[in-house]
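User: I have a structure open and want to go through it piece by piece. Can you take my questions as they come?
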Amino acid sequence: MIADIHTAPKDIKVTLIQIEHLVKIYQLGEVDVHALRGVSVNVSKGEFVAIMGASGSGKSTFMNILGCLDKPTKGSYILEGTDVGKLSRDELAAIRNKKIGFVFQGFNLLSRTSALENVELPLFYGPTSTKARKAKGIEALERVGLGDRIHHYPNQLSGGQQQRVAIARALVNDPSIILADEPTGNLDSRTSVEVMGIFQELNNHGITVILVTHEPDIADFAKRHIVFRDGKIKTDKINNRTKVASEVIKELPLIDDDEEEAAA
Amino acid sequence: MKILNILLSAFRALQRNKMRSFLTMLGIIIGVGAVIAMLAIGQGAEYSVKEQIASLGTNVLMVYPGAQQQAGVRSAAGGATTLTEDDALAISKECPAVQYISPGSMAGGQIIAGNLNWSTGISGVGTDYLEIRQWPVEYGEFFTDLDVKAAAKVCILGKTVADNLFPESSPVDQTVRIRSVPFKVVGVLTKKGQNAMGQDQDDVILAPYTTVIRRLSHWPNLRFILVSATSLKDISAAQKQISDLLRMRHKIQPYDSDDFTIRNQTDLAATATATTDILTILLASIASVSLLVGGIGIMNIMLVSVTERTREIGIRMSIGARSRDILLQFLIEALVLSLLGGIIGIILGVAGSSVISSIAKWPTIVTAFSVILSFGFSIAIGIFFGYYPARKAAMLNPIDALRYE
């Protein structure tokens, strides 16, 4: 169904996302709300994109369509050669399962379910065997530095740790893109930088990351900035002054949070 | 998502709200338990009625004088239309499907033995009577053909009569006075219990029908003829033969109706079984109403659960759950509720039935059928009442579900 292009050499730009004239109109009663008014953008494999804009600019709608949670009214969205607009509900679910990893502002972990089980969850909806599932789950948690907390429940973890579990969950199925919707919105500044560090590291390993944020500080960690305004792209440019999280964190003053985490 | 995993997560989801899950199950538990217990009571009743009817002898026919048993006016109309000893003799000679035959007469009265007395019915019967009724003698022996021919003043007592007149000694060879006529007791019958109408069959004295006619009732004709067919399947043949013979002997014209009535135990059994069947159905349908209410309880809780867990549904959808995964998840939760309830209900129903048996002395029978029926019913209820909430969950829009607060 979908051509495998993971084998392409790294230095050649491979188009991952091709979006043309995307229009989204919500019907709220008798009023039509034009959330997106013709958006065209391409994202290549291995990019780290920050999508910015004020609330109501259409960035969330764009993100939902990008994440195959919503369908555009008009325009085309081609993800790794597949025209997503033509897919059925179940086919979209399969795309979300295999190609997209979500990270949300509110973490969106299942409560009273251990970190490992949360991370394994996407694999339940695929063909993975029980044994392979556990191994993959542990591997993903180790990748975000939570190898020692796999059996903790979300309420036993700090906000930063919960977000790392969410990132591990997004990673577990080896997705083509990680979509992060305000991933640092509920975190303090130091933890935010830590989380951005994880995204940067994943990106360095070739994973495409698309991030929605309204905080310029956070957007600074991305390599490309796309700014939305009134349902259109206002600017789309390369970020020449990309900050490196591992360096930023050294300059931040130590706060109690870390000690609390250690105690937990 | 594999069934085992869904089952596991269903159990977990139900565990999170233990009290709520239990109360929801309670509806099904009570419903299934009630259905099982009610069916057990109904089937117990049916069984005991059948037992009692069988105790009369299964291939037995009763021939009564008169066109209709209840319409006394008619039966008395013509003197010639009654049953006679010769009729009985003719039946035994000319009906090949008849195995045993016993003419019968009846009298009632006070029986005195020593300083005790007892009032009961005296049945005058033939020597085949006990064969037909399949009723063994406990002590002593039955009277003989010779006693019948000679109209000897001998009798055999039912257990109840024997217990009341001879509480301490053996009645055999003692004398009882029936309406001042002295009778020698030759034996005592075994206990037979109540019949289908609840009468005590042991409250009886049997004597040769000739003796009863001549010494006690002074009514020359027979009150009944008891006949047994050669086998169960020969009953209708025997009935036809007797009917044809009696019509001929009584010179009944083809357009006239019988001046006798033949009843068989199968008819009685069928009627009684039909009655208890109605009882069973009635009890079970009342119980199934509570099962239905239990099902509505499941639907209600599942709807609440879907609303509460909208966000969870959204999360699951965002990481790739298809509609049918969500549908299956909630459907299986409902099924687990109803199945667990069903199993507990079956256990309680079986236990309850035996409690009813031992306390109310009412026979109860739990059949595999009733267990399978209620088990199947609880599965059906789980699917039926779980489907709508599950579908509602599965049809949620992923974004709306994710944003749900």
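User: Which residue does L179(A) stand opposite in strand 8 of chain A?

Analyst: L179(A) stands opposite I210(A) there. The model is predicted, and that holds for everything below.

User: How many bridges link strand 7 and strand 8 of chain A, and in what sense do they pair?

Analyst: There are 5 bridges, and the pairing is parallel. Strand 8 covers residues 208-212 of chain A.

User: What about strand 6 of chain A, how does it run relative to strand 7?

Analyst: Strand 6 (residues 100-103) and strand 7 of chain A run parallel and are joined by 4 bridges. On that side F102(A) is the residue opposite L179(A).

User: Is strand 7 of chain A mostly covered or mostly open?

Analyst: Mostly covered: 5 of its 5 residues, 177-181, are buried. I177(A), L179(A) and D181(A) sit on one side, I178(A) and A180(A) on the other, and both faces are covered. In a regular strand, side chains alternate between the two faces of the sheet.

User: How many bridges between strand 4 and strand 5 of chain A?

Analyst: The two strands pair over 2 bridges in the antiparallel sense, strand 4 being residues 74-79 of chain A. I78(A) stands opposite D83(A) in strand 5.

User: And what is in the loop between strand 4 and strand 5 of chain A?

Analyst: E80(A) is found in that loop. Its phi is near 50 degrees, a positive value in a residue other than glycine. For context, most residues other than glycine have a negative phi.

User: Why does E80(A) count as buried?

Analyst: Because E80(A) has 20 C-beta neighbours inside 10 Å, and 20 or more is the cut-off for buried.

User: Now the interface. How many residues of chain A are in contact with chain B?

Analyst: 18 residues of chain A are in contact with 15 residues of chain B. On the chain A side, helix 2 (89-99) and helix 3 (115-124) each supply at least two residues. Helix 2 of chain A has the largest share, 6 residues.

User: Over to chain B. How is it divided into domains?

Analyst: Domain 1 takes in 3-52 and 270-403, and domain 2 is 83-258. The C-alpha centres of the two domains of chain B lie 56 Å apart.

User: What radius of gyration does chain B have?

Analyst: Chain B has 33 Å, whereas a compact globule of 405 residues would have a value near 22 Å. The C-alpha trace of chain B spans about 105 × 60 × 35 Å along its principal axes. Of its 405 residues, 44% count as buried. As for secondary structure, chain B has 14 helices and 10 strands.

User: Which residues of helix 4 of chain B are buried?

Analyst: D87(B), A88(B) and I91(B) are buried in helix 4, residues 85-94. Seen down the helix axis, the buried residues fall within an arc of 100 degrees, so they line one face of helix 4 of chain B. On the other side, D86(B), L89(B) and K93(B) are exposed.

User: What covers the buried residues of helix 4 of chain B?

Analyst: The cover includes strand 2 (98-113), strand 9 (224-229) and helix 9 (235-249) of chain B.

User: Last one: where does D325(B) lie?

Analyst: D325(B) lies in helix 12 of chain B, residues 323-360. D325(B) has 19 other C-beta atoms within 10 Å and is partly exposed. From D325(B) to A380(B) there are 55 residues in sequence and 20 Å in space, C-alpha to C-alpha.

Notes: Residues numbered from 1 in each chain as written. Chains lettered and ligands numbered in written order. Predicted model: local features only at pLDDT ≥ 70, side-chain atom pairs only at ≥ 80, totals over all residues. Buried ≥ 20, exposed ≤ 12 C-beta atoms within 10 Å, placed from the backbone. Domains from an automatic or database assignment. Rg over C-alpha atoms; globule rule 2.2 N^0.38 Å. Arc of directions from axis to C-beta. Contact = placed C-beta atoms within 7 Å. Pairing = 2+ DSSP bridges.
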